[in-house]
Amino acid sequence: MEHLPAVENPLFCTDSYKVTHHFQYPEGTTNVYSYFESRGGVYPETVFFGLQYIIKRWLLGEIVTKEYIAEAKALYKMHFGQDVFNEDGWTYILEKHNGRLPLLIKAVPEGTVVPTKNVLFTVENTDPKVPWLTNWFETILVHVWYPMTIATHSRAQKAIIARYLSETADNLDSLPFKLHDFGYRGVPSVETAAIGGGSHLVNFMGTDTIAGLVFLRKFYNCNMAGFSIPAAEHSTITTWGKDGELEAFANMLQKFPDGLVAVVSDSFDIFNACAKIWGQELKDLVIKRGERNGTLVIRPDSGDPPEIVEKVLNILGTAFGTVTNSKGYKELPKYIRVIQGDGINAEMLDKILSRMQAGKWSAENLTFGSGGSLLQKVNRDTQKCAFKCSSCVVNGEARNIFKQPVTDPGKTSKKGRLTLELQNNQFVTVQEGRGDPEKDLLVPVFKNGELLKDYSLDEIRQRAELPIVRQANKK
């Protein structure tokens, strides 16, 4: 059996009510212009990312076909119980434009970090006979909220880790691998894992979400975006039995004699595992691996994270010794590290790293893994993402349009045609067509079925980088 996506026809990438909207615009409407923004939310700024995927996946090329039109007509007639589908409009696009969408999309370059309440992209029809087309694709275009929010969410956690590294470690070199994506199983679909996992890799280079690698290879011109290491799970340890934990651990060191290897160590007693098995019975083997640039990464996976991490570090410090770095903080020998992959979110990161700092432990000793909290515990309101119409042309007259609900001033929309400009080194959205086109940071990325910009992950990562890292790289 051939496996196809649940939805392949792009004429189904809309909300039901939009199928009726071609009846609803004023007579004589020839242009509809809409924009997308983050109206606020958890984070004061957003990393713009993911539009290129949506364009490549759904909008490129000759996407409107006779078969798709017939399929849509039949489904919508059953769905509404009457014939409301714009068959003539879609047939016009098929015949006049060879099935290519007569739309223009302008957007801020992907990876740009923009304060909330600014325009991020605009959409308008390029053929006056299909003004309804602009907002038909609102539904699928607003899906950019997810990759954008994950990239923003991940970057905010990167900023927390970077701050503690800058205060307690000699450098920031390990930062790209400090937050590892464990989220593949924590999301509702492979496609979600691909998009979310790829979005996390805008900021980091560690992942176990293989779908994210494939996503970035296919849509963002990156041959290999992230890396992982051999690692144990509870099944590969507990199958040796409680009395066989020593042998299970030794097997990991023997089967992976050099490089990084992670071993979950809380199947029975994490403190005994660290103090006696790793710290005594296998100590020589751990040290010998270190002579071949091998590093053992011990993973606790239960308990109160700040307390457990500190206890594990103290036990390992007693067993293997520590050195004091240039900032005055303790580091374990380079051949042994810890990864905390349970309960990790932005708040917990800060709690753990703050406790480590108070105990004079460098953040260099610890890596984090995050799953559902990284890829799943967000929604469209995390950054209050919205797509609104701000301008139209009716009977040759340009109109600046907006909404201003008396019940919620926060939902007031922008007016007219928009530009995103830098004024006094600050992002500003200029409304009502008053902006300077020469200063507009929104660049055409899609027009009439063609992709005009094809960003690589490398350049996106450069735009999204933290100021503290930029500064460190200059030194």
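Phe-49, Tyr-53, Phe-215, Phe-219 and Tyr-220 come together as one aromatic cluster. Rings of Phe, Tyr and Trp (its six-membered ring) pair if their centres lie within 6.5 Å; planes under 30 degrees apart are stacked, over 60 edge-to-face, and the rest tilted. Searching the whole structure turns up 18 aromatic pairs. Keep in mind that this is a predicted model, where local features need pLDDT of at least 70, side-chain atom pairs count only at pLDDT 80 or more, and totals for chains, interfaces and linings use all residues. Numbering starts from 1 along each chain as its sequence is written, and side-chain values use heavy atoms, with hydrogens and water left out.

**The Trp-90 and Trp-132 pair**
- These two sit edge-to-face, 5.2 Å centre to centre with 70° between the planes.
- Trp-90 is in helix α3 (residues 87-97) and Trp-132 in the loop between β5 (119-125) and α4 (133-136), so the pair ties together parts 42 residues apart in sequence. Helices (H or I, at least four residues) and strands (E, at least two) are DSSP runs, numbered from the N terminus.
- Trp-90 is buried at 0% relative accessibility, and Trp-132 is buried at 9%. Buried means under 20% relative accessible area, exposed over 50%, partly exposed in between (1.4 Å probe, protein chains only).

**The Phe-249 and Trp-278 pair**
- Ring centres are 4.5 Å apart and the planes at 5°, so Phe-249 and Trp-278 are stacked.
- Phe-249 is buried at 0%, and Trp-278 is buried at 0% too.

**Charges over rings**
- Lys-360 lies over the face of Tyr-329, 3.9 Å from the ring centre. The cut-offs: NZ of Lys or CZ of Arg within 6 Å of the ring centre and within 35 degrees of the ring normal.
- Lys-415 puts its charged end over the ring of Phe-402, 4.3 Å from its centre.
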